[in-house]
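The structure comes first, then the notes.

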Amino acid sequence: MVKSLNTVTLIFKLPYYTQWGQSLVIAGSEPVLGSWNVKQGLSLSPDHQGNALVWCGQVSVAAGFTSEYSYYVVDDHKNVLRWESGEKKKLVLPEGVRDGDVVEIRDWWQDASEALFLRSAFKNVIFSGNENAKRELQSSSLSKSLDPEDIVVQFIISCPRLAAGSTVVIIGSNPSIGNWRAQDGLKLNYVGDSIWKANCVLRKAEFPVKYKYCQISEAGVSSLEFGPNREVDLDLSSPKPARYILLSDGSLRESPWRGAGVAVPIFSIRSNEDLGVGEFLDLKLLVDWAVNSGFHLVQILPINDTSVHGMWWDSYPYSSLSVFALHPLYLRVQALSDAIPGDIKEEILRAKKQLDKKDVDYEASLATKLTIAKKIFNLEKDKVLNSASFNKFLSENEEWLKPYAAFCFLRDFFETSDHSQWGRFSHFSKEKLDKLAGEDTLHHDIIRFHYYIQYHLYTQLSEAAAYARKKKVILKGDLPIGVDRNSVDTWVYPTLFRMNTATGAPPDYFDKNGQNWGFPTYNWEEMSKDNYGWWRARLTQLAKYFTAYRIDHILGFFRIWELPEHAATGLVGKFRPSIPLSQEELLGDGIWDFDRLSRPYVRQELLEEKFGSFWTVIAANFLNEYQKQCYEFKEECNTEKKIIAKIKTSPEKSLWLEKEDCIRRGLFDLLQNIVLIRDPEDSTKYYPRFNLEDTSSFRDLDEHSKNVFRRLHYDYYFARQENLWRQNALKTLPVLLDCSDMLACGEDLGLIPACVHPVMQELGLIGLRIQRMPSEPNCEFGIPSQYSYMTVCAPSCHDCSTLRAWWEENEGRRSRFYKSVIGSEDEPPSRCTPEVVHFIVQQHFDAPSMWAIFPLQDLLALKDKYTTRPAVEETINDPTNPKHYWRFRLHVPLESMLEDKDIQATIKELVTSSGRSYPGKKAEAAGGSGKKLTNGKA
């Protein structure tokens, strides 16, 4: 009879609380664990052990068994609901395991916050000098043979933050682990991936054993981990107790790591080398300033090419022409070649003087750079384009680079980015692309010029990114929520976008009328067919330069505010996805006049109220009277965009000269005077208009109808969608997080559904807290000392006024802040003095938030010298103006900032006194006694 090889019994145990209808499964790399097929994985059973719910499962394997594995929460049909974060677990049976032995694996669920320190921002930047990767790998072998009373406990702990030269020991209540003396503790061995292990032989009679992990630095300082004692005991209820216990203890319990950073758009940077706008290579100077000031992070705005209109409108960095191409605006032309002729050098010097203005001249800077770059390209194109480094770049980026270059050529040839106007090139195909980009075409040099520019942008940004990593500074990028509707991406991948819609945000802190960004919304159903390949490619590209990123408008991954393409404002929209109000539901509530409720409610008295005696002119030009004193919009002006066009082009426009803005706003108000929005794709479905109580259409309803709509409005916006939105986010966001190892932060400002923060916590996403936009209800100002750890805190951001400007905007608000936050009954100063700035900035440094990230303008306000410029001029964006010119430029060059040792010292003192980490900081004790050991004795 052949003896079975599967004679080692593995017993998995995992404490985890599930909800009704959920269970746990292990899936792993080996067939016995389903070969990563969760439906064929090992199902676990729940067991109540004291106050804990422990999930247990058993499987037989061969003695030399090894496998990677993870735990999954599933429903009754084994559909995955949740999974662990971070690296896959690795199971390696200890040496000495024999046929017939029982091995008990006491595991922990690795949540997303624990896995953060394995992301590239920490692993490859902040903790890179800890040299875990370079530590010598050691095995945990047993030095004695076992008798029946012996139990082998393998202690396993993750220590991603361990300082270079440090070791880990276990100390506890047993002589084998030092009797609580660090110098006699059991030393762990490093086995890779930040994991440390040690085997300890204990007698059955010695259980239970209490213990803790302890770091010992290279200098001999011992640091005991935080928290209560850990404990290991035997499970005597089993018919055959385990001979081996693999004790996975999660992560070393340390004080929460906290860091700080500075935020500034690249275009806002000023240096002695730039041509009127910040450049990628200026980041090296900014990194130096950040290091001197104690910052571990530099945050910038999106840097993709936005050259859609060929004018200053393209200064808006969130409207990408391509989500892969970098913006030529940030090119340093002096770095294109080592052999720039003297006449071109002179041209560069002249351009420097001409473009050295207070603000960015977007059009002039970009045109100048491209003109000079074209001259250098013509001189060295063959040398560069035949080089090994260029050809490597081309082969790695060809999939997006060729369509981008072809798009730029066609945009310039047809003099529009609207690809629907490109005749036979309106519809993209690989065959047409190959012909357009072919070497035998007359325009091939134009195509190659775009390759050349992207190659040098890649080289220059890569140089800056490598410099930041070397200096232990995280470079944090930005992932815009949308793309321009006239972009490379909508041309190449038209099915991924809903081109008859626009993206925006409902009314919120930023704009009481909502926002309309103009981007088409995403066709998530189509995107899911290749497991979100377009998104995965975006993140892979971003990770070439950045080790952290900000997810713009993360609420859009739960639900997006979708507007019809013909809308110009952001008010009359609906959430996608969302559960609409059905006609049956409304009829059941006694609501029946759907035409009255969903058409603009325009009555003569309202026209008189809005336009005064001019109302007859408005009615004659824009409206039809379909019933006495009841009006409807004419066909040629029944949308917001049609109204704008008619006001500008009507033969009667002389009648309203100098009144255009007032008339447009009035007509928009009338058009938006509805209670229900009818679904354009299903006429039996409706959506309540946002803030419907503000409309006269609502006010003229009977009381019963008003009460019904109040309830339905609340239900639609704040109740019925929560589960749907949670499920939507859990389909899309994990794809983003899993396709790179960058640290992810989510911009979660605005109208926040209840499901958002729990999902972000579950996925390990770091939120954003701006003091003037508190997420707590009935609170005017946020309290930084009460922020949760998994947040970035900041006094302002690029989408609102700076600290100085905000202070000066509103006298009443300033007084309330001075009294309630600063705690003074005195009259507040009318300007935001350096003392006030210091107080507010210090509040944020001292906050529990993992990160405190400050706009550079707010930091410079710590010194009077830098506050001579009117505060309002330092604002980067005005969200209420869709055609805002993004052109703010620092009034002081980085070289001068680096010479100012005082302000750098002031900021660094704020960092150090708050206990935040900074570049060059020595590893501190993680807690406990911190006794120094000498010759093994305390």
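Helices (H or I, at least four residues) and strands (E, at least two) are DSSP runs, numbered from the N terminus. This is a predicted model, in which local features need pLDDT of at least 70, side-chain atom pairs count only at pLDDT 80 or more, and totals for chains, interfaces and linings use all residues. Residues are numbered from 1 along each chain as its sequence is written, and side-chain values use heavy atoms, with hydrogens and water left out.

**His-884**
- His-884 sits in the loop between helix 25 (856-860) and helix 26 (894-899).
- With a relative accessible area of 17%, His-884 is buried (buried means under 20% relative accessible area, exposed over 50%, partly exposed in between; 1.4 Å probe, protein chains only).
- A polar atom of the His-884 side chain lies 2.8 Å from the backbone oxygen of Ile-876.
- Not counting residues up to four places away in sequence, His-884 touches Trp-312, Ser-315, Ile-876, Asn-877 and Asp-878 (contact means heavy atoms within 4.5 Å).

**Arg-498**
- Arg-498 belongs to strand 22 (residues 497-498).
- Arg-498 counts as buried because its relative accessibility is 13%.

- An open sheet of 8 strands runs in the order 4-5-1-9-18-10-14-13, with mixed pairing (two strands pair if DSSP finds at least two bridges between them).
- Its edge strands, strand 4 (45-49) and strand 13 (189-192), each pair on one side only.
- Strand 1 (residues 8-15) and strand 5 (residues 52-61) pair in the antiparallel sense over 8 bridges.
- Pro-15 has Val-54 in strand 5 as its bridge partner.

Technical notes. A polar contact is a pair of N or O atoms within 3.5 Å; within protein, one must be able to donate a hydrogen and the other to accept it, and residues adjacent in sequence count only if both atoms are side-chain atoms.
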